[in-house]
Amino acid sequence: MKCTKEYRLRYTERAKEIVKGLTLEEKVSLMSGQVQLEQMIKDMTEDPNKHYNYIPYPAGGIEEKGIPAMKFCDGPRGVVCGVGQSTCFPVTMLRGATFDVELEERVGRAIGKEIRAWGGNLFGGVCINLPYNPGWGRSQETYGEDSFHLGQMGSALVRGVQSENVIACVKHYAFNSMEISRFKVNVECDKRTEREVYLPHFKDCIDAGAASVMSAYNLYKGVHCGHHDYLLNQVLKGEWDFDGFVISDFIWGIRDTVEAANGGMDIEMCCTIHFGEKLVKAVRDGLVPEEKIDEAAVRIVRTLLAFTEADGREYDMSLVGCDEHIALAREVAEKGITLLQNKENVLPLDKNNLKKLVVLGELADKGVIGDHGSSRVFPKYVVTALQGITEAVPESVEVVYYSGEDHDHARKLAKEADAVVFVVGYDHDDEGEYVTEEQMESYTGGIGGDRVKSLGLHQHEIDLIKAVGPVNKNSVVVMIGGNMIMMTEWKDDVSGILMAYYPGMEGGRALASIIFGEVNPSGKLPYVVPYKEEHLPQVEWDTTEQFYDYYHGYTKLEKEGIEPLLPYGFGLSYTTFEVKDAKFSTDGQNVIAECTVTNTGGRAGTEVVQMYVGFSNSQVHRPKKVLRGFARVELEPGESKSVTISCPYEKLRYYNEEINDWVLEKMDYEVYIGTSSADKDLLKGKVTIA
């Protein structure tokens, strides 16, 4: 039995009966994390194997009353529990670059199985926050810059995880896209921006059946998100009819007992600081109605019973880090790594005609799988870029690795080589989840943060590329990182550029399979790459106030008439594709775009066809166009396929602040279909909604 919303609601009356038989103290205990902060700090300090979330973290549960505990496992690149066991998938940003919802569902199913094997029942890894600026250190945990795309990919992960009857927890609700200031910043935006840009992807995941939501640390309009009556009670539980429970972000996610309980918080995680005895007292003092406690308890009991009883399947530890899941991690990396430049078809390299291959850059010999915050997975191994490349070539090929400090030596190596591969970018010291020095020991054991100084490579890496790249015409740069990396300064000094993101435990092998042509790259950028950083929204990373504008990313550049270096949705292939015969129509409920895609090159490949809708006839300010559909199409050489993408009318509405409701404009809409957001890559038509 699949634990759908309809199935869960069948447990409502039973949950109410159980809750009626509980004391106030018992009901409040269901709302309380069971991890002891002092013990967690002691464990992490004394034993490196007892890292954050090394076992599922429990909350609530009353065994004698038949109420199971909630057992939390973090993510999103795999199950955080254990050491040397869980599968480490590529980070979410790479998975976003696949534009493949079926693949993301498969990732969700694999993660769900591993959580069940660990004894957990909730996955805290459906991260769908929208980066206002790509410098956000934790943006590696989300799918990209576009709300529609976030909603589609996040919903796929929800479906996959919950198909194994593991509760999918969507986070961080809402407006979380800064690290250094995440505990103190108050985010402001207008109502249209809230409803059209920052909340739709959350609603998509709720509509997909997500049974849990985690609140954010930041404030919104002066109120902590963990206490936010408007966000939690009015929008989430009221307007969106969310049937599950809300958990706080850990330790600092709520700051006040009464505000949090009245504001819609159901479970304080992962330690009990403000709930527990303090919440019991607040109820007895008349500051929190007991009805609020009853509502939270019913939500918790209903959800946990439904997921526990939905099936009797057994999951054992043989599933954790199994060959099938590791193969999936590699497949995902191969489908997400994105080819950004390929002058004179430098890629793929012919490994059978190589004698000497030089690999440059410190990151080539490092297992870079993402930050060291709450999403850190501890797999049994990590294949580095150098290892993957070395494994892939015949023994007759000499692979020379050099970190690159001495440019003269690097140039000498490059001159003598048939090809040069630079591996450059970031690791956990450069970007990631942030905690202060005071908080560090009690939480994740590492400091990441936002990219405050620059969105480009380190200066020593830029200098290396510029000094060595021109020496060898077969020079290829592989970038490692969680979001957009500026390329303007050095891109003309090399022939090939690949964006590898953080490609997971099998990343080195996936990368080699693309470099040497065993795999044809098909990833597409889930963000825009500008010529200049100032073309992006500006953020003060250490601040108590931040305004989010309606426009960001590709919509901002298009509004301002600024050409990007690389458009949203861009990605090259080792073959070529033609999109033709575009047709645009409506059926009274959906806008429909059709086209024929042909592989016009010499090898099999996959194209991601994208549908955009434009609003030039709108009576209110709107983007030039926004993504409203996508489909991956696999084609043999010379093969053609028909592609149809539809977008429901409700995804074309704007939010009218005067009437506090959604409005579908009766007008002509531009509709585009093609291979990126750039006008030159799109066929255009129009449809009329009357």
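**Helix α12**

I started with the exposed face of helix α12, where Glu277, Lys281 and Arg284 point away from the buried side. For exposure I use relative accessible area: buried is under 20%, exposed is over 50%, and partly exposed lies in between, with a 1.4 Å probe and protein chains only. Helices (H or I, at least four residues) and strands (E, at least two) are DSSP runs numbered from the N terminus.

This is a predicted model, so I note that local features need pLDDT of at least 70 and side-chain atom pairs count only at pLDDT 80 or more, while totals for chains, interfaces and linings use all residues. Residues are numbered from 1 along each chain as its sequence is written, and side-chain values use heavy atoms, with hydrogens and water left out.

Back on α12 (residues 277-284), I find Leu279, Val280, Ala282 and Val283 buried. These four sit on the same side of α12 because they cover an arc of only 160° around the axis, the arc being that of the directions from the helix axis to the C-beta atoms. What do the buried residues of α12 pack against? I see α3 (24-30), α11 (257-263) and α13 (290-309) there, with contact meaning heavy atoms within 4.5 Å. After α12 comes Gly286, which has a positive phi near 80°.

**Salt bridges**

Next I looked up salt bridges, defined as a side-chain nitrogen of Lys or Arg within 4 Å of a carboxyl oxygen of Asp or Glu. By this rule I get 53 salt bridges.

Arg109 is partly exposed at 32% relative accessibility, and Glu105 is partly exposed at 21%.

My next pick pairs Lys651 with Asp204, whose closest N and O atoms are 2.8 Å apart. This pair links distant parts of the chain, 447 residues apart: Lys651 is in the loop between β21 (640-648) and β22 (654-656), and Asp204 is in helix α9 (residues 200-207). Are these two buried or exposed? I find both Lys651 and Asp204 buried.

Then I checked Glu558 and Lys625, which form a salt bridge at 2.5 Å, N to O. Glu558 lies in helix α20 (residues 553-559) and Lys625 in strand β20 (residues 625-635), so the pair ties together parts 67 residues apart in sequence. Lys625 is buried at 0% relative accessibility.

I also noted one network, in which salt bridges with shared partners join Arg138, Glu141, Glu179, Arg182 and Glu433.

**A four-stranded sheet**

I traced an open sheet of 4 strands with mixed pairing, in the order β8-β7-β5-β16. Strands pair here if DSSP finds at least two bridges between them. β8 (223-224) and β16 (545-547) are at the edges with a single partner strand each, so one side of each has no neighbour in the sheet. Strand β7 (residues 219-220) runs antiparallel to β8, joined by 2 bridges. Tyr220 stands opposite Val223 in β8.

**Cysteines**

How many disulfides does the structure hold? I count 0, taking a disulfide as a pair of cysteine sulfur atoms within 2.5 Å. Cys271 is in no disulfide, and its nearest cysteine sulfur, that of Cys270, is 3.7 Å away. Cys271 is buried at 2% relative accessibility. For Cys595, the closest cysteine sulfur is in Cys647 at 16 Å, too far for a bond. Cys595 is buried too, at 3%.
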